[in-house]
Amino acid sequence: MSSSSKVSPLQEPSCLKISHTDPDIYSAITHRLLFHFSRTRPGTKIVIVCIGTDRSTGDSLGPLVGTSLSRFHSPLFDLYGTLEDPIHAVNLEETLTLINERYSNPFVIGIDACLGHSTSVGSIQVVDGPLRPGAGVNKQLPPVGDIHLTGIVNVGGFMEYFVLQNTRLSLVMRLSDIIATSLYSAIKQWNLHAKSAATRE
């Protein structure tokens with residue numbers, strides 16, 4: 001679980017924060033992801049790292065997203081972190097080492113739950129730069145990703161472990177569905193765009 005990003009639009013123009021109740025949330029997240037993909041080199045491998053554990057309701061967002069994405073059996077991205085095979089504090093560093101050995105300059109997308117202000121609960125963030133997993137519960141873990149997506153699952157600032165254990169599963173499921181669906185849609189669209197551009201050349 002990461003800490004909620006506290007950056008203003010002026011500092012980070014490529015940061016999107018949107019409530020899960022917003023009717024345009026799917027298209028907003030998809031378009032923001034396409035913006036980030038547009039800055040990658042042609043043929044760059046996309047690697048998705050979903051962080052969290054199924055042993056905590058609030059911290060299960062990442063593995064739920066990973067499990068949803070795994071059902072697509074897509075060759076368009078490589079995936080780490082599912083409910084069956086989660087990526088968490090114990091094996092994160094090992095996983096990142098494996099990714100660095102396996103790929104040459106991949107585009108890595110980190111996904112995690114986070115805690116935030118009460119007015120932000122239920123929001124999804126798409127942020128440029130690496131995820132800082134464990135920051136919300138005072139753990140020192142290596143940063144993850146060229147960009148990251150987080151779902152704000154509950155209120156932070158006090159008794160974080162207890163708060164995570166008492167987070168509504170319905171909200172976590174809703175956020176994970178939005179993230180997985182939007183991310184897969186963006187990757188498919190970007191792949192079609194890349195193929196079209198290659199054909200024109």
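Colleague: Which residue forms a salt bridge with Arg 39, and how far apart are the closest N and O atoms?
Modeller: Arg 39 pairs with Asp 128, and the closest N and O atoms are 3.2 Å apart. A salt bridge here is a side-chain nitrogen of Lys or Arg within 4 Å of a carboxyl oxygen of Asp or Glu. This is a predicted model, in which local features need pLDDT of at least 70 and side-chain atom pairs count only at pLDDT 80 or more, while totals for chains, interfaces and linings use all residues. Residues are numbered from 1 along each chain as its sequence is written, and side-chain values use heavy atoms, with hydrogens and water left out.

Colleague: Where do Arg 39 and Asp 128 lie?
Modeller: Arg 39 is in the loop between α1 (25–37) and β3 (46–50), and Asp 128 is in strand β6 (residues 123–128), so the pair ties together parts that are 89 residues apart in sequence. Helices (H or I, at least four residues) and strands (E, at least two) are DSSP runs, numbered from the N terminus.

Colleague: How many salt bridges does the structure hold?
Modeller: There are two. Lys 45 and Asp 78 also meet through their side chains in a salt bridge, at 3.4 Å from N to O. That pair links distant parts of the chain, 33 residues apart: Lys 45 belongs to the loop between α1 and β3, and Asp 78 to strand β4. Lys 45 is partly exposed at 29% relative accessible area, and Asp 78 is partly exposed at 23%.

Colleague: Changing topic, what is the phi of His 73?
Modeller: His 73 has a positive phi of about 45°, although it is not a glycine. His 73 sits in the loop between α2 and β4 (78–80) and is exposed, with a relative accessible area of 69%.

Colleague: And what about the phi of Asn 105?
Modeller: Asn 105 has a positive phi near 50°, again in a residue other than glycine. Its place is the loop between α3 (92–102) and β5 (107–116), and Asn 105 counts as exposed at 54% relative accessibility.

Colleague: Last one: which residues does Thr 67 touch?
Modeller: Not counting residues up to four places away in sequence, Thr 67 touches Gly 81, Thr 82 and Leu 83; contact means heavy atoms within 4.5 Å. Thr 67 lies in helix α2 (residues 61–70) and counts as buried, at 14% relative accessibility.

Technical notes: Buried < 20%, exposed > 50% of the residue type's maximum accessible area, 1.4 Å probe, protein only.
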